[in-house]
Amino acid sequence: MYLIYVIKPLLASLLCVALLTTAPATRALEQLDLPDIGNPSGNVLSPAEEKRLGRAFMRSIRNSMSVIQDPLLSAYIQSLGEQLISASEDAVGSYEFFMIDSPQVNAFAGPGGHIGVYSGLVITTESESELASVIAHEVAHVTQKHLVRTYDAVNSMSLPAAAVAIAAVIIGAATNNPDVGMAAATGVQAGMLQRQINFTRSHEEEADAIGIRTLANAGFDPTSMPVFFSRMGKASRLYDNGELPEFLRTHPVTSNRIADAYGRAEAFPYRQRRDSLAYHLARERLRVKAFNDASEGIQFYSKALNDGRYRNEEAHKYGYTLALILGREFDQARKMIDGLLADRPEQIEYIVAKAELEKLSGQSAAGAELLRQGLDQHPGNYPLAIYYAQALLDLGRPKEVKKILEPQLTGRPDDTLLYKLLAQASGDAGNKTSGHQYLAEYYYHSGALRPAAMQLEIALKDRTLSYYESARMAARLKEIRTEERDLKARDN
């Protein structure tokens, strides 16, 4: 994993972001003559500044990387992350956990507690504790202030500029080509991104130690971290031609690190934890998405179930159901999902799958009713709210969507999917001005500032707006234009 420093010439404004990256990059970075950054304890960003930086960072990530917006997957990774946060002795404030659609075994932590997990990591792990161990390690980098060291608020780069630079480096690491990140940052502002250095050994050791402690506090197996490291290390030795698979290149491990992690884990009592069903269902949902076509998935799951080759039979049946639905083999899919629902009628993943089956087989109203009943059973549930809102829009009932989705914004103020659906619902219901406002927020949180400003400009032309509405909208437009100017100024 690497700590990425973004230093503006002459001002020494320093920002950091942690992520798993490549061994070749390590060798190159070791050759750099790096300065002593000194003791940063007195110059850490204020919580408010770090939060603003984190939100700007996420806008850049959404604009540059394939962030998974599947409500079920988003809810799962957020739930797992929150279990670890609640068990951490140092975590304060809110954290956002999200998935990146990539086969890499990778994860990264950005400013403001934004932690990204690659889908390849979820699928590659053999237990939920292994997945939790990587996330706990990333959380430790945040809580121990390894990420944000110093930030000169005066005569320094703007928060939007810094956020884009950090995201640019992550893109370079994600493609196993640091030059891509450097080029992207150069396109933002020449010379802004000057150096990349790896986390110091003490930072890695501290993140491992605190991560293992957090795992134990959260009820996960504390040995899962060294077990995962060891498995990665053993796999790497199978390749002697230098052509390591991407997931090995992006997860370098050493024998010393494995031994140290085992030693730390032994300080806690051994705990065998049963993987949650949600973990297994999320893995199969990701696996289905990875198949090139539905027939490939159907064949895989059918054979695995017949041969008894699966880690969790129920989750494999769920994956098989999803593949059958995608392949439009509705009769067989109905048998599978009805069997799963018979045993777990309140399982949200099964309710959503059955509703999707009903919709695709021409029974959209029945599917919407299933989602409504599910939302009654699980009030405020994010995935069910999203899927029910989509069902209502499909049925031509947009006026019901606002009361379902707007409460979700309280806990998810940066959720682009919520804004997109609310924009559609407002437009379909005839409230064009509200639709433009929501669409502006969708573009803004997606990192598209100019389209966001244009939507607000259109909305402000509505002569029926009250003074308060007009003033609030104008103030928001000013904020976006200011940020847009800050970003453009970097290129000059």
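Colleague: Which residues does Leu405 touch, not counting residues up to four places away in sequence?

Modeller: In this predicted model, Leu405 touches Ala385, Ile386 and Ala389, along with Leu418, Leu421 and Leu422.

Colleague: Which residues touch the most other members of the largest nonpolar core?

Modeller: Leu405 is one of them, together with Tyr318, Tyr350 and Leu371. That core holds 53 residues, and helix 18, residues 382-394, gives the largest share, ten residues.

Colleague: What makes a set of residues a nonpolar core?

Modeller: Its members must be buried residues of the listed nonpolar kinds, joined through side-chain atoms within 4.5 Å. Another core, of 40 residues, lies apart from the largest one, and its members include Ala87, Val122, Ile258 and Tyr279.

Colleague: Which residues meet where helix 18 packs on helix 20?

Modeller: Helix 18 brings Tyr382, Ile386, Gln390 and Leu393. Facing them in helix 20 are Leu417, Leu418, Leu421, Gln424, Ala425 and Asp428. Sorted by class, this contact has seven nonpolar, two polar and one charged residues.

Colleague: And how do you know that helix 20 is roughly antiparallel to helix 21?

Modeller: The axes of helix 20, residues 416-428, and helix 21, residues 432-445, cross at roughly 160° and come within 8 Å. Angles over 145 degrees count as roughly antiparallel, and therefore helix 20 is roughly antiparallel to helix 21. Here too the crossing is described as left-handed, with helix 20 passing helix 21.

Colleague: What makes up the contact between helix 20 and helix 21?

Modeller: On the helix 20 side, the residues include Thr416, Tyr419, Leu422 and Ala423. Helix 21 contributes Tyr438, Leu439, Glu441 and His445, among others. By class, the contact has six nonpolar, six polar and three charged residues.

Colleague: To place this in the whole chain, how many helices and strands are there?

Modeller: The chain has 23 helices and eight strands.

Colleague: And what share of its residues count as buried?

Modeller: Of the 492 residues, 54% do, where buried means under 20% relative accessible area.

Colleague: What share of contacts join residues at least 24 apart in sequence?

Modeller: Among contacts between residues at least 6 apart in sequence, the share is 66%.

Note on methods: Residues are numbered from 1 along each chain as its sequence is written. This is a predicted model: local features need pLDDT of at least 70, side-chain atom pairs count only at pLDDT 80 or more; totals for chains, interfaces and linings use all residues. Side-chain values use heavy atoms; hydrogens and water are left out. Axes are lines fitted to C-alpha atoms, for helices over the stretch in contact, and angles run from 0 to 180 degrees between N-to-C directions. Helices (H or I, at least four residues) and strands (E, at least two) are DSSP runs, numbered from the N terminus. Angles under 35 degrees count as roughly parallel, over 145 as roughly antiparallel, 65 to 115 as roughly perpendicular and the rest as oblique. A crossing is left-handed if the near helix is turned anticlockwise from the far one by less than a right angle, and right-handed if clockwise. Contact means heavy atoms within 4.5 Å. Ala, Val, Leu, Ile, Met, Phe, Trp, Tyr, Cys and Pro count as nonpolar, Asp, Glu, Lys and Arg as charged, and the others, Gly among them, as polar. Buried means under 20% relative accessible area, exposed over 50%, partly exposed in between (1.4 Å probe, protein chains only).
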